[in-house]
Number of protein chains: 2
Amino acid sequence: MNAKELFEKIKEKRSFLCVGLDSEFSKIPECLKREQHPVFEFNKRIIDATAPYATAYKPNLAFYEAFGVAGWVNLRLTVDYVREHYPDVFLIADAKRGDIGNTSRLYAKAFFETVGFDAVTVAPYMGEDSVKPFTGYSGKWAVILALTSNRGASNFQYTEDKYGGLMLFEKVIAQSKHWGTTDSIMYVVGATQTDMMTAVRKLAPDHFLLVPGIGAQGGNLAEIARLGMNDQCGLLVNASRSIIFADTSENFAEIASRKAMEIQQEMACLMTEKGLIR
Amino acid sequence: MNAKELFEKIKEKRSFLCVGLDSEFSKIPECLKREQHPVFEFNKRIIDATAPYATAYKPNLAFYEAFGVAGWVNLRLTVDYVREHYPDVFLIADAKRGDIGNTSRLYAKAFFETVGFDAVTVAPYMGEDSVKPFTGYSGKWAVILALTSNRGASNFQYTEDKYGGLMLFEKVIAQSKHWGTTDSIMYVVGATQTDMMTAVRKLAPDHFLLVPGIGAQGGNLAEIARLGMNDQCGLLVNASRSIIFADTSENFAEIASRKAMEIQQEMACLMTEKGLIR
């Protein structure tokens, strides 16, 4: 899926919502824990309930790897389910991978070929040869960490370069945008970092941004749209815990659906105000 | 295993060699490809052949994830085999993970509890809360990327901080060394980066360093030891392809054994010169 096709999906769904499948086993409803593949069963119900309102889904690999082989089975079942029932959905592996070139190539193979994701989040610390293997697939995306939503973002990402004056996250964008195109690179910009959204848009006016951190982490959707939306939308905004764990009773899917719908409706208003949809 | 215990193992084996199990399926000998778990069979023979000469093994996760669930099965079998037959070996998951705090906690669980590694390589870009979950386990280690061995290291790792004057890799060490102890943190310093080894040792004189990049990537062992060895050895030097793929005939294990022995013998000389062993 290229950027234009992604924008079309966003307009169809009137939503730039990405639902984060941070499906931590200990937090899923008790009634599912006796299933053979409890995390997959949970995901399936969350996906069925939220699919009318979500353009993208983003499983974070940690929640699957924590259970080793069994976790990977649940991940694989989830991806296959989405592909079969919701073929238009944009699927992001939140894996934050990155290694020397010949190794990153294998990670790209893992997520794009073996499992069949559309995009993978990539850590930029190791530079060009660690990122480029992810940008060489037609219709697939590297989602590069620029400015993350967590407290630790302040440790290194704001480091100001003595030569050139850019902060590290700006330097990451300024360099890495040449390692692919606006059809193969997105950037992660945390929803808690809206004061820097203008700086990001100055360097990457046309790139899609993946914005995690609304909901449980406290980011503000209207502010993100005001500062980050471009005329191709240019945003995928992620919510995880505030949707999938909004309720832990047997009604969890219904409540998740309502939470996703609330966000989608706010998104539709913001897109209408911007003139992207009517 | 704490630092003192690791140093004891190094003295016993007269070796600070780490063998990288970058066991790419397409490169393993044809005679193994028909086995039920070909990568595990390959690893088993490599481990049996090199165990007299190696203190540590380091599977790089990419080579396993590339095959999804099947890859994780091969990884798990490999770790279980080492734990059963070579319980004293130090096992590093070369995974380069790192995520927001509550997520990194799950990665730590995956590698330390679910699979049973001694150490995990960790990417520092996301800062303190992304690293600390890995340093909170007694006897387990976060191996933090400081200066990597690849070409892309030059993109961001040498960025000079306008305030304080440190380069990014130095800033990573200067800050992160307070996120654990010399019993829970090591640093990755590429063997191709020996000109910076002195700067690393100035900031981290007592930490163990994991040094990849000798062999196929061209790093020089004697130079690494001269600049990086401390009086607890303080080094694990990794070789991967130059050992495990030295030969691809049916004699691959024998040749791998010889290659590992050559490195071990050079290491024994370097440790003797330093006065660490007799």
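Predicted model: local features only at pLDDT ≥ 70, side-chain atom pairs only at ≥ 80, totals over all residues.
Residues are numbered from 1 along each chain as its sequence is written, while chains are lettered from A and ligands numbered from 1 in the order in which they are written.

Chain A contains twelve helices and eight strands, where helices (H or I, at least four residues) and strands (E, at least two) are DSSP runs numbered from the N terminus. Its radius of gyration is 18 Å, close to the 19 Å given by the globule rule for 278 residues, so chain A is as compact as a globular protein of that length; the radius is taken over C-alpha atoms, and the rule is 2.2 Å times the number of residues to the power 0.38. Of the 278 residues in chain A, 58% are buried. A residue is buried if 20 or more other C-beta atoms lie within 10 Å of its own, exposed if 12 or fewer, and partly exposed in between, with C-beta atoms placed from the backbone.

The strands of chain A form a closed barrel of eight, in the order S1-S2-S3-S4-S5-S6-S7-S8, with parallel pairing; two strands pair if DSSP finds at least two bridges between them. From one strand to the next, the twist averages 30 degrees, with axes fitted to C-alpha atoms, for helices over the stretch in contact, and angles running from 0 to 180 degrees between N-to-C directions. Strands S7 (residues 208–212) and S8 (residues 235–239) of chain A are parallel and joined by four bridges. Within this pair, A:Leu209 has A:Leu235 in S8(A) as its bridge partner. Helix H10 (residues 221–228) of chain A lies across S7 and S8 of chain A, at about 160 degrees to S8(A).

The contact between the chains takes 50 residues from chain A and 50 residues from chain B, two residues being in contact if their C-beta atoms, placed from the backbone, lie within 7 Å. On the side of chain A that touches chain B, H5(A) gives the most, with eight residues.

A:Arg14 lies in the loop between helix H1 (3–13) and strand S1 (17–21) of chain A, and counts as partly exposed because it has 19 C-beta neighbours inside 10 Å. B:Cys233, in the loop between helix H10 (221–228) and strand S8 (235–239) of chain B, is buried, with 26 other C-beta atoms within 10 Å.
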